[in-house]
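Student: Hi! I have a new model open and would like to talk it through. Could you help me read it?

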Amino acid sequence: MITGTLKNKIDAIWQDFYNENMAQTSDIVNQLTILMFIKMLDDKQNALEAQASIIGIKPDEDDLTFKHGEYTNYIVRNGQKEVNFHIPYSELRWKNFKNLNSADLSQRIKNYVIPFIKDPENKAVGKFAEYATKYTYVFDGKERLLTTVVDKLSDDEMNFNNTDLMGDVYEYMCGSGISGQYRTPRHIIDMAVEMMKPKIGEKIIDPAMGTAGFIIESAKYIQSHQKDELLNTENKRIFNEEMFVGCDNDQNMARIGYMNCILHNIKNPAITMDSLLEYENVKNLLGTFDLVLQNPPFSGSLNKATVNSQLLTVTNTQKTELLFVSLMIQLMKIGGRGMTIVPSGVVENSNEKAFINLRKEIVENQKLIGVISMPNGIFQSSSKKGSASKGAGVKTYFLIFQKTNNGGTDKVWFYNMENDGYSLDVKRNPIEGSNIPDIIERFNHLEAEESRTRKDQSFMVPVQEIIDNGYSLSINTYREIEREKVEYRSTSEIFADILASKENEDSILQRLITMMED
């Protein structure tokens with residue numbers, strides 16, 4: 001979350017673009033994210049070299065983006081591949097060009113660094129070139145702006161080796177909620193991953209990935225919990241090349257998500273910019289995933305003619321919040337599991353068949369495991385200007401289920417989250433008493449939840465009761481709220497007090513009259 005001096009520094013960079021008559025959010029974000037990525041590559045290598053130096057070794061050459069010796073860039077002319085330029089890798093590093101004068105800095109970035117990161121043969125940046133095809137260098141004639149931005153991004157507080165920072169900066173720059181997009185808070189992603197426990201060899205997808213938070217945290221979880229297994233060469237290959245898939249049809253988001261994957265040591269994630277809801281784009285992915293994690297757009301609609309017909313068999317709708325849940329089911333293999341954030345209408349709407357049919361599918365044909373009610377304020381709806389900072393809180397739920405295609409829902413676990421560790425106003429300041437550790441602990445021991453009552457913060461609900469309630473998954477349908485019994489005084493006691501009060505008032509009044517007569 002961007003606050004304090006860091007917020008002020010991003011604001012200052014934004015103002016620099018405005019001062020040069022660049023006011024379109026998409027243009028500014030496009031330019032800034034490319035420069036941020038260039039710096040991130042160097043920040044990452046600086047950290048790697050520092051760590052190796054501490055233990056007195058040199059980093060493995062294969063782990064370096066900027067290797068020893070010279071980089072050679074090739075172009076194709078008349079069908080023939082020929083050398084475009086040679087340059088020492090060291091001269092492509094941020095720390096070695098950031099202090100150049102304006103003209104030289106612009107030439108270095110435009111003619112050498114940009115071709116380096118857009119080189120499809122440059123294995124150090126993977127397939128980044130695929131996600132930067134529409135990038136156009138705009139600093140010709142604006143060299144002073146480039147120098148100013150590079151100088152401000154070089155600030156020590158802008159150390160992008162902390163790669164979570166990039167997602168935070170992007171969220172702040174764009175404003176959560178633009179075009180229905182919401183960036184999932186990091187602690188909520190962590191909670192989801194801790195509950196789902198991804199493992200080496202599982203195929204994992206986020207069909208609405210944004211900055212790839214679910215993918216990144218799944219990778220980090222595996223790197224932390226299966227460190228020894230990743231020493232195996234085959235496991236490492238599977239981790240890098242087969243496990244992680246993401247989709248976002250916004251090229252900026254796809255590029256940022258890909259950047260984050262590369263910088264979190266996922267060397268070859270499969271990122272697509274085709275909407276998986278439309279046409280036959282999802283065809284080769286159906287039934288192939290062990291784990292689906294997503295926070296799709298909270299609102300939106302598609303022309304039914306473009307929607308993949310298979311998704312409509314589950315819920316005949318144009319609403320994207322329903323179609324993405326249908327998509328999850330189609331993406332999972334039998335036995336696969338999923339966790340999705342949905343707006344309250346998905347679990348509560350009892351007036352529209354599309355909502356009811358989707359819940360019926362999950363409850364009767366799949367295995368619904370858990371429903372977590374989250375408080376208003378974790379996500380903010382956009383204001384009229386497209387900024388979430390002034391919007392109203394959006395009520396959301398987590399749905400957790402397993403694909404069986406043969407039912408299996410027995411009892412469903414409900415949890416009423418009241419505190420996620422942050423205030424629920426627009427400031428979202430850290431507070432004590434987060435329910436998240438408790439949610440993870442209780443989910444990992446569902447057998448102990450059987451004894452809880454509907455008055456507790458979590459409880460189990462038999463599937464038949466859910467069916468009888470029209471497949472409602474609203475926690476308020478099932479929880480019991482204990483109200484403190486209020487004891488009222490008897491009528492005679494109240495009247496006695498009134499009479500005593502009146503007699504007292506009469507006595508005081510009579511004394512005053514007597515005093516005035518004297």
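Student: Let's start in the sheet: what is the bridge partner of I204 in β4?

Tutor: The bridge partner of I204 in β4 is F244. Before we go on, this is a predicted model, where local features need pLDDT of at least 70, side-chain atom pairs count only at pLDDT 80 or more, and totals for chains, interfaces and linings use all residues. Residues are numbered from 1 along each chain as its sequence is written, and side-chain values use heavy atoms, with hydrogens and water left out.

Student: Thanks. How many bridges join β3 to β4?

Tutor: Three bridges join β3 to β4, and these strands run parallel. Strands here are DSSP runs (E, at least two residues), helices are DSSP runs too (H or I, at least four), and both are numbered from the N terminus. Two strands pair if DSSP finds at least two bridges between them.

Student: What about β6, how many of its residues are buried?

Tutor: Six of the six residues of β6 (residues 289-294) are buried, which leaves the strand mostly covered. β6 pairs with β3 in the parallel sense over two bridges, and I205 stands opposite V292 there. β6 also pairs with β7 (residues 332-343), in the parallel sense over five bridges, with Q294 opposite T340.

Student: Switching topic: how many salt bridges are there?

Tutor: The structure holds 27 salt bridges. A salt bridge is a side-chain nitrogen of Lys or Arg within 4 Å of a carboxyl oxygen of Asp or Glu. One of them joins the side chains of D42 and R93, at 2.6 Å from N to O.

Student: Where do D42 and R93 lie?

Tutor: D42 lies in helix α2 (residues 25-54) and R93 in the loop between β2 (80-88) and α3 (94-97), so the pair ties together parts that are 51 residues apart in sequence. D42 and R93 are both buried.

Student: Which residue does R108 form a salt bridge with?

Tutor: R108 forms a salt bridge with E91, and their closest N and O atoms are 3.8 Å apart. R108 lies in helix α4 (residues 102-117) and E91 in the loop between β2 and α3, so this pair ties together parts that are 17 residues apart in sequence. R108 is buried at a relative accessible area of 15%, while E91 is partly exposed at 31%.

Student: And R237 with E241, where do they lie?

Tutor: Both lie in helix α9 (residues 233-241), four residues apart, about one turn of the helix. R237 is partly exposed, with a relative accessible area of 30%, and E241 is partly exposed at 47%. Salt bridges that share partners join E234, R237, E241 and E242 into one network.

Student: Now the backbone. What is phi for A212?

Tutor: A212 has a positive phi of about 70 degrees, although it is not a glycine. Most residues other than glycine have a negative phi. A212 is found in the loop between β3 (204-206) and α8 (213-225).

Student: Is A212 buried or exposed?

Tutor: A212 is buried, with a relative accessible area of 0%. N405 also has a positive phi, near 60 degrees, and is found in the loop between β9 (393-402) and β10 (411-416). N405 is partly exposed, with a relative accessible area of 49%.

Student: To finish, how many helices and strands does the chain have?

Tutor: The chain has 17 helices and eleven strands. Of its 518 residues, 49% count as buried, and the C-alpha atoms fill a box of roughly 115 × 75 × 55 Å, taken along the principal axes.

Key:
Buried means under 20% relative accessible area, exposed over 50%, partly exposed in between (1.4 Å probe, protein chains only).
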